[in-house]
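This report is meant to be read alongside the sequence and the coordinates. Please keep both in view while going through the sections.

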Amino acid sequence: MRHILVPVAAALALFIMGIFILNTQLWYSARADSMTGAKFVVKNMNTILGEAQRATRTAMNVAAAGCDEEGQYRLGTEAALQPHLRTIFILAHGQIVCSSLPDNRVLLVNVMILPDSPLMLLPAKEAVNGLPVLLYQTVSDGSRIGITVSDRHIRDALGISIKGISYQLRVGDTVLGLSGDATSVNDKGKHVGRLDAKNYPYSIEYNYPPLFSVHRLVSQGAGILLFLLLIACLGAYALYKYLNKSTPPEESLQRAIAKGEIIPFYQPVVNGREGTLRGVEVLARWKHPKAGYISPASFIPLAEKSGLIVPLTRSLMAQVVMQMNAISSKLPEGFHVGINFSASHIAMPTFVDECLDYKSRFERKDLNLVVEVTEREPLDIDERLVHTLNTLHENGFAIALDDFGTGYSGLSYLHDLHIDYIKIDHSFVSRVNEHEESTRILDCVLDLARKLSISIVAEGVETKAQLDYLNRNNIVFQQGYYFFKPVPFTDLIKILLSKPNVKVMVE
Ligand code: C2E
Ligand code: CA
Ligand code: CA
């Protein structure tokens, strides 16, 4: 279930973005469609008004010739033959002089007082049949020719089927839609699109398609929606796989070294009898961004096996130089700084040069730089190793044999090596308690160390009984939780500052 949220969120974001783009695309195309529809309505309306225009010419001829029976017949024929026209009438000197209907009827209620505007939408109350009507008028030679078009034909022209779009005819302030009466309106209402006709004084108004429509998405973009869903799922799956792919531990460690996540902790070494601070041992810690501090026990063996121990130790050395230089004025004279080196690193031909370079970078030249060599992994004591460690010893380094008494294959090489300290492993120290027989093994180990005339450092001192025992046996250098646990650099500064004469709490 690790990293499931991110892929799901990414898939959702991808899908929503796809819907947004698709919806916008469909909206644009629906807008374009609504405009195309409006043009089509104008074309229909122009066809109707074209008929009215032609009928007007006939009516003009009739008016010019004077309206007699023949003229009335021509008007009637014209109205009958033009599919969309209802009546044609000629008005002169305040009265109807001729009409396409018998007895000069016009089917309009107040035709005398109507203005002579070229085009008018008349509401239902103006027509004898109670239905709205469009009136097309032309004034010529003192007479006015009027032609009416029934609402049915206008609504047919408006009624083109484009989903979600409705059209209405506007003439001046009066509008006529697909249903209802012709009404006067001041505002545009929901009809925001407008197309003005070029040849006649009217406009076609229409509403824009809705910005977002589930129906439009499903009906016009179902295929693309499915495709989007598929892409989002595939993307999420790929991201899930990528985020959850397990990094090989070597790779993680290598990255941690490069990112500076392996940092030095310092465990003070004290003079057990006097309680003075004599130095520190550098102990690696992995400052993991998620898991917190990781113990070296879980990554040093991996580092040794993979060869990463070399860059790891180099990184620690660089950090130790920087940190010790930063507090160089606070360090007591002859302060020990011990670093653990693995056998594979010591065996490298560049090792001596590395150590010399490391030494040269300390501002304080009186520091006692200790090279701790462990036999945790069997130490291949050959001439070269002896030569390497002796060269370092001659160049002012102190050599400490770590974990003394554990897993030694032989001690013969001790005669050839210049060892400065041996560190008694805490597995021996930890056995010491108030009972006399508990010290037997340690007695032997100390005896052996003493016979070699090498200084001893006791590790893992945890109790007063152990301290007393070590003091009784004149073991000067001691290290353990009884005094200090390994601490980060900032805490080491505090220890150094809080104990100006570096006296530690030994009762
Ligand atoms: P070590 O060199 O023997 O280091 C001493 C270990 O004993 C440290 O464990 C320290 O925290 C622990 N210790 C100190 N005082 C006490 C105590 O009073 N009681 C107990 N129970 N333990 C105490 P840490 O830091 O976990 O290191 C474990 C080992 O990892 C070290 O043993 C050393 O062999 C190796 N190591 C640590 N840092 C490095 C490094 O930078 N390079 C190499 N090559 N090895 C390292
Ligand atoms: Ca050590
Ligand atoms: Ca040790």
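## Model and overall layout

The structure is a predicted model, and its chain is divided into domain 1, covering residues 2-206, and domain 2, covering residues 249-498. The C-alpha centres of domain 1 and domain 2 lie 100 Å apart.

An unreviewed UniProt entry carries the annotation "transmembrane region" for residues 217-240. In the model this span is 100% helix and 0% strand, and the C-alpha atoms at its ends are 29 Å apart.

## The calcium ion (ligand 2)

Four residues coordinate the calcium ion (ligand 2) at 2.2 Å, namely Glu-281 through OE, Asn-340 through OD1, Glu-372 through OE and Asp-402 through OD. Along the sequence, the donor residues of this ion follow the spacing E-x58-N-x31-E-x29-D. Because Glu-281 lies in strand S12 (residues 276-288) and Glu-372 in strand S15 (residues 368-374), the pair ties together parts that are 91 residues apart in sequence.

Are these two glutamates buried or exposed? Glu-281 has 4% relative accessibility and therefore counts as buried, the cut-off being under 20%; Glu-372, at 4% relative accessibility, also counts as buried.

## Nonpolar cores

The largest nonpolar core contains 61 residues, and those with the most contacts inside it are Val-320, Met-324, Val-337, Tyr-358, Leu-392 and Ile-424. Leaving aside residues up to four places away in sequence, Met-324 touches Tyr-266, Leu-331, Val-337, Phe-362, Phe-489 and Leu-492. Another core, of 39 residues, lies apart from the largest one and has Ala-52, Leu-75, Ile-88 and Leu-169 among its members. As general background, nonpolar side chains in soluble globular proteins tend to be buried together.

In helix H3 (residues 151-158), the buried residues are Asp-151, Ile-154, Arg-155, Ala-157 and Leu-158. Seen down the axis of H3, these buried residues fall within an arc of 155°, so they line one face of the helix. The face turned away from that buried side carries the exposed residues Arg-152 and Asp-156. The buried residues of H3 pack against helix H1 (5-65) and against strands S4 (133-140), S5 (143-150), S6 (167-171), S7 (174-176) and S10 (203-206).

Helix H14 (residues 489-498) has Phe-489, Leu-492, Ile-495 and Leu-496 as its buried residues. They cover an arc of only 110° around the axis, which puts them on the same side of H14. An α-helix has 3.6 residues a turn, so residues three or four places apart point the same way. What covers the buried residues of H14 includes strand S11 (262-271), strand S12 and helix H7 (309-326).

Notes. Residues numbered from 1 in each chain as written. Chains lettered and ligands numbered in written order. Predicted model: local features only at pLDDT ≥ 70, side-chain atom pairs only at ≥ 80, totals over all residues. Heavy atoms only, no water. Donors = N, O, S within 2.8 Å, 3.2 Å for Na, K, Ca; no water. Helix = DSSP H or I, 4+ residues; strand = E, 2+ residues; numbered from the N terminus. Buried < 20%, exposed > 50% of the residue type's maximum accessible area, 1.4 Å probe, protein only. UniProt positions renumbered as here; feature names shortened; annotations may be inferred. Core = buried A, V, L, I, M, F, W, Y, C linked by side-chain atoms within 4.5 Å. Contact = heavy atoms within 4.5 Å. Arc of directions from axis to C-beta. Domains from an automatic or database assignment.
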